[in-house]
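Trainee: I am new to this structure. Could you take me through it step by step?

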Amino acid sequence: MHDARSVENILEGIIQDEFPDSEGIQSISIVSKTGLMIAGRSASSARAETFSAMAAIMYSAAEATKNDIFKDRIEHVLAVFRNTKLFITELSSSMLIVATVDREMEDERILGSMTKIVTMTREQLPWLR
């Protein structure tokens with residue numbers, strides 16, 4: 001039988017499965033590389049689209065640096081603030097996962113969960129590359 005759920009609903013479910021409401025996780029969202037909010041919750045509910053656009057710009061800048069200087073593959077972008085960390089990683093050729101967490105959270109735990117989101121997305125939406 002055909003699954004009638006939207007891509008957004010499937011992505012919301014994947015996010016919720018991997019990042020249930022837990023202490024230390026401020027926000028998890030899926031954004032397009034053009035800066036549009038697709039699923040999840042933004043770090044800024046009042047300015048979700050602005051936050052999504054900024055995350056896409058940061059990732060794009062890191063990609064440009066990689067292409068021009070390092071000639072290496074980008075794994076993730078990490079910004080560390082006084083109380084918060086921002087992680088950005090690629091979900092597909094057109095989408096990113098953006099997470100904001102408390103600074104005390106372990107990087108490997110967050111990156112591992114983000115990798116699981118990529119794996120689950122590829123399993124449930126195989127056409128999304």
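Mentor: Let us begin with a term: two strands pair if DSSP finds at least two bridges between them. Helices (H or I, at least four residues) and strands (E, at least two) are DSSP runs, numbered from the N terminus. This is a predicted model, in which local features need pLDDT of at least 70 and side-chain atom pairs count only at pLDDT 80 or more, while totals for chains, interfaces and linings use all residues. Residues are numbered from 1 along each chain as its sequence is written, and side-chain values use heavy atoms, with hydrogens and water left out.

Trainee: How many bridges join strand 4 and strand 5?

Mentor: Strand 5 (residues 95-102) pairs with strand 4 over seven bridges, in the antiparallel sense. Four residues lie between these two strands, which form a hairpin. Within this pairing, I88 has V98 of strand 5 as its bridge partner.

Trainee: And what about strand 3 and strand 4, parallel or antiparallel?

Mentor: They run antiparallel, and four bridges join strand 3 (residues 77-80) to strand 4. This is also a hairpin, with three residues between the strands. L78 stands opposite F87 of strand 4.

Trainee: Where is L86 found, and what does it touch?

Mentor: L86 is in strand 4 and is buried, with a relative accessible area of 5%. Leaving out residues up to four places away in sequence, L86 touches several residues, including F51, M58, F81 and V98; contact means heavy atoms within 4.5 Å.

Trainee: Changing topic, which residues of helix 3 are buried?

Mentor: The buried residues of helix 3 are I110, L111, S113, M114, I117, V118, M120 and T121. Their cover includes helix 1, strand 1 (25-32), strand 4 and strand 5.

Trainee: At what angle do helix 1 and helix 3 cross?

Mentor: The axes of helix 1 (residues 7-18) and helix 3 (residues 107-124) cross at roughly 145° and come within 10 Å. Axes are lines fitted to C-alpha atoms, for helices over the stretch in contact, and angles run from 0 to 180 degrees between N-to-C directions.

Trainee: Which residues make that contact?

Mentor: Among them are I10, L11 and I14 of helix 1, and K116, I117 and M120 of helix 3.

Notes
Buried means under 20% relative accessible area, exposed over 50%, partly exposed in between (1.4 Å probe, protein chains only).
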